[in-house]
Amino acid sequence: MKSYFLFFINLFLASSVAFAQETTFSEEEIAIDKFTDGTLTMPSDVENPPLVIFIQGSGLTNRDGNQSGMQSNFSKKIAHQLAENKIASFRFDKRSIKAKELNLETISFDDFITDVENILNYFKKESFSKYVIAGHSQGSLIGMIAAKDNADAFISLAGPGESIDSLLAKQLSAQLPQLKDDITKSLQEIKITGSTSDYPKIFEMVFHPKNQAFLSSWMKYDPSEEIAKLKIPVLVINGTNDAQVKEEQAKILHKAALNSELVLLENMNHVFREIVSNDLTKNYQTYNNPELPLHPELIPVLTDFIKNLEIK
């Protein structure tokens, strides 16, 4: 009898915990337009919370921060933990995910900016106290451009401070220093004319003709110039163990911004996990492990910044 009683007590407690977790926030699937589908995460029992619009990085990245063969759920985890701190968020699939369905032959960098502007316009019809744009990696540049004159604050998460042509020149030349001049010439030709037929074939994946129009549209923007145009509060976050975007890039953004706070999180990598090892293999293994918790300081830093906007 006693064992049955304990069983039902434990079952009740487990159900109560699950119920409490479920009612911490609610989620709604929203189609902004034919290009943009996403998830609105709303904290429970909070009137007019601040809203964070989360922009993903490069590649075919979905709303949760995942790609084919890479599932880390970092964006989903951030959304849920922000909701636990009474902050709403909207995360969305990049338009490139729907390119085939919509028969989109070309996508430009400006299309990504337009998508975020449309998201902002959609939610400004609702009663949120503040509108914050947060962009991860490539999404940082998209976000800072869309945020100008439209948002209350901007957050850069592992965002480059240099233009994409400058970064590509350094990264590709580091692999094959003997091709440095050819690489630089090819990138300059794309930047100026929009295309090139003369490029190192070993870097076909980068310079493929199908990629050149997008690269050209991306090269038009220099992150350090764009962030300097913002008159709103800016938070620049980078991890010290980010294998893709080094902390020096965050320092470039911070220096260029008019009103920014720089936070370098010790041992955080590109997908917001804490990893002490300098082993690149171990670092990249975290990209495909959704069970790993976020870096313990990430959510407190985001929450403090956003809630301080409410006071100002």
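User: How much space lies in the second largest cavity?

Analyst: About 40 Å³ of space lies in the second largest cavity. A cavity is a set of points, on a 1 Å grid over the protein atoms alone, where a 1.4 Å probe fits but cannot get out. Grid points are joined across faces, edges and corners, and a volume is the space filled by probe spheres set on the points. This is a predicted model, in which local features need pLDDT of at least 70 and side-chain atom pairs count only at pLDDT 80 or more, while totals for chains, interfaces and linings use all residues. Residues are numbered from 1 along each chain as its sequence is written, and side-chain values use heavy atoms, with hydrogens and water left out.

User: Which residues line the second largest cavity?

Analyst: The lining consists of V52, F54, S75, I78, A79, L82, S89 and R91; lining residues have an atom within 4 Å of a point. By class, five are nonpolar, two polar and one charged. Here Ala, Val, Leu, Ile, Met, Phe, Trp, Tyr, Cys and Pro count as nonpolar, Asp, Glu, Lys and Arg as charged, and the others, Gly among them, as polar.

User: Which element gives the most to that lining?

Analyst: α2 does, with four residues. β3 (51-55), α2 (74-84) and β4 (88-92) each supply at least two. Helices (H or I, at least four residues) and strands (E, at least two) are DSSP runs, numbered from the N terminus.

User: And what lines the largest cavity?

Analyst: I55, Q56, F92, K94, R95, F112, D115 and I142 line the largest cavity, which holds about 50 Å³ of space. Its lining divides into four nonpolar, one polar and three charged residues.

User: Changing topic: how much space lies in the largest pocket?

Analyst: The largest pocket holds about 1,700 Å³ of space. Of the 50 residues that line this pocket, S58, G59, Q138, I164 and W218 are the closest to its centre. A pocket is an open set of points with protein on both sides within 12 Å along at least five of seven lines. The lining has 25 nonpolar, 19 polar and six charged residues.

User: Which helix gives the most to the pocket lining?

Analyst: α8 gives the most, with six residues. Within α8, the buried residues are Q212, F214, L215, S216, S217, W218 and M219. Buried means under 20% relative accessible area, exposed over 50%, and partly exposed in between (1.4 Å probe, protein chains only). The buried residues of α8 pack against α3 (109-123), α4, α5, α6 and α7, where contact means heavy atoms within 4.5 Å.

User: Which residues of α6 are buried?

Analyst: In α6, I183, S186, L187 and I190 are buried. Seen down the axis of α6, these buried residues fall within an arc of 95°, so they line one face of the helix; the arc is that of the directions from the helix axis to the C-beta atoms. D181, K185, I192 and T193 are exposed on the other side. Cover for the buried residues of α6 includes α5 (164-175), α7 (204-207) and α8 (209-219).

User: What follows α6?

Analyst: G194 follows α6, with a positive phi near 95°.

User: Where is N73 found, and is that residue buried or exposed?

Analyst: N73 is found in the loop between β3 and α2. At 14% relative accessibility, N73 counts as buried. Its phi is near 60°, a positive value in a residue other than glycine.
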